[in-house]
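Open the structure in your viewer and switch to a cartoon drawing. We will go stop by stop, selecting as we go.

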Amino acid sequence: MAQAVKLLLVGATGLVGRYVMALALSDPRISLVVAPTRRPLLAHPKLLAPIVNFERLSADAAWLNTDAVVCTLGTTMKAAGSKEAFERVDHDYPLDVARLARAHGAQTYVLNSAIGANVDSPFFYNRVKGQLEQDLNDVGFNSLTHVRPGVIGGSREEVRLGERALVLLLGIAAPLLPQRWRLNPPLSIARALLEAAINPMPGVHVVTSERLG
C-alpha cells in the first residue's frame with residue numbers, strides 16, 4: 001500500500017471544502033488533514049487546524065510541510081465588496097498558499113476552479129479563475145489538477161438568491177440540458193478533488209463539469 005498522504009486543505013469551511021474535509025478525515029489513505037482557517041474547527045484526531053490570516057501567512061509555518069494541497073477557497077463579489085478584494089481571495093490567497101506549500105516540498109496541487117475559467121474571458125470572474133490556473137502552472141508542482149465545476153448544488157451558509165434560482169431552474173431542466181450545464185453535486189466535486197490529490201498524475205490536468213455528475 002502506498003504511503004498515506006498528508007493533505008493541506010484550503011477553504012475547509014466552504015460548501016465544497018466541507019465535503020472534502022469529511023471525505024479526507026474518513027479516508028485511510030490520508031494520514032493528516034491540515035486545514036488553516038480564520039476560525040476554530042471541531043477537533044478530530046486526524047485534523048490540524050491552525051488559525052491564520054491569509055493576508056500574512058508565515059513562510060516558515062510548520063503546517064506547510066504537506067504532500068498535497070486541495071484548494072477550495074473562494075468568495076463572491078457581494079461578500080468581497082470589490083473586484084480587488086475578490087481577486088485577493090480567489091487568486092492571491094490560493095497562489096500564495098501554492099508557492100509556500102511547494103517551497104516546503106508539496107508535489108501536488110488540486111484546485112476547485114470553475115467552468116469557463118479563461119484568462120481572456122470577457123467576464124471578470126472567469127478571468128480571475130483563468131489567471132489563477134495560468135499562474136499555478138508556473139509554480140512547479142509535479143502534479144497540478146484544475147477541477148472545473150459548473151453550477152454547484154447544495155446548501156451554502158451564505159444565501160445567494162440569484163444562484164439559488166439558477167440551481168432550482170437547472171434542477172428542473174436537467175433532463176433537457178447537455179451534461180456540462182447540469183448541476184454538479186458538491187460531493188462529486190469533492191471526490192474528484194480528493195482523488196486527484198491522493199492519486200496524482202504527472203503534469204497538468206483538467207477535470208471538466210461533464211465528469212462531475
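Helices (H or I, at least four residues) and strands (E, at least two) are DSSP runs, numbered from the N terminus. With that rule, the protein has six helices and seven strands. From the N terminus on, the elements run β-α-β-β-β-α-α-β-α-β-α-α-β.

Two notes before you click. This is a predicted model: local features need pLDDT of at least 70, side-chain atom pairs count only at pLDDT 80 or more, and totals for chains, interfaces and linings use all residues. Residues are numbered from 1 along each chain as its sequence is written, and side-chain values use heavy atoms, with hydrogens and water left out.

**Stop 1: the sheet**

Select the strands. Two strands count as paired if DSSP finds at least two bridges between them. Strands of a sheet pair through backbone hydrogen bonds, either parallel or antiparallel. Which order do the seven strands of the open sheet have? It is S3-S2-S1-S4-S5-S6-S7, with parallel pairing. S3 and strand S7 (203-207) stand at the edges, each with a single partner strand, so one side of each has no neighbour in the sheet.

Now zoom in on the pairs:

- S1 and strand S2 (residues 30-34) run parallel, joined by four bridges. Select Lys-6: its bridge partner in S2 is Leu-32.
- S2 and strand S3 (residues 47-48) are also parallel, with two bridges. Select Val-33: its bridge partner in S3 is Leu-47.
- S4 and S5 pair in the parallel sense over four bridges. Select Cys-71: it stands opposite Leu-111 in S5.

**Stop 2: a crossover**

Select S1, helix H1 (residues 15-26) and S2. Together they make a right-handed β-α-β unit. Right-handed means that, with the strands pointing away from you, the path from the first strand over the helix to the second runs clockwise. Turn the view and trace it.

**Stop 3: helix H3**

Select residues 83-103. This is H3, with 21 residues. From its first C-alpha to its last it reaches 29 Å, close to the 30 Å expected at 1.5 Å a residue. The expected span is 1.5 Å times one less than the number of residues.

Where is the kink in H3 centred? Select Val-89: the kink there is about 35°. The bend at a residue is the angle between axes fitted to the seven residues ending there and the seven starting there.

Next, look at what H3 hides. Buried means under 20% relative accessible area, exposed over 50%, and partly exposed in between (1.4 Å probe, protein chains only). The buried residues of H3 include Phe-86, Val-89, His-91, Tyr-93 and Leu-100. Contact means heavy atoms within 4.5 Å. The buried residues of H3 pack against strand S1 (5-10), strand S4 (68-71), helix H2 (77-80), strand S5 (108-112) and helix H4 (124-136). Just after H3, select Gly-105, which takes a positive phi of about 110°.

**Stop 4: Thr-66**

Go to the loop between S3 and S4, where Thr-66 sits. Is Thr-66 buried or exposed? It is buried, with a relative accessible area of 4%. Not counting residues up to four places away in sequence, Thr-66 touches Lys-6, Leu-7, Leu-8, Val-34, Gly-105 and Ala-106.

**Stop 5: the cores**

A nonpolar core is a set of buried Ala, Val, Leu, Ile, Met, Phe, Trp, Tyr and Cys residues joined through side-chain atoms within 4.5 Å. The largest one has 29 residues. Select Leu-7, Met-21, Ile-30, Val-33, Val-70 and Leu-193, which have the most contacts inside it. S1, H1, S2, S4 and helix H6 (186-198) each supply at least two residues of this core. The largest share, eight residues, comes from H6. A second, separate core of 27 residues includes Val-52, Val-69, Cys-71 and Leu-144.

Stay with H6. Its buried residues include Ile-189, Leu-193, Leu-194 and Ile-198. What covers the buried residues of H6 includes S1, H1, S2, S4, S5 and S6.

**Stop 6: Gly-150**

Select Gly-150, in the loop between strand S6 (143-147) and helix H5 (161-173). Aside from neighbours within four places in sequence, Gly-150 is in contact with Ile-115, Asn-184 and Ser-209.

Finally, zoom out. Buried residues make up 45% of the 213 residues in the protein.
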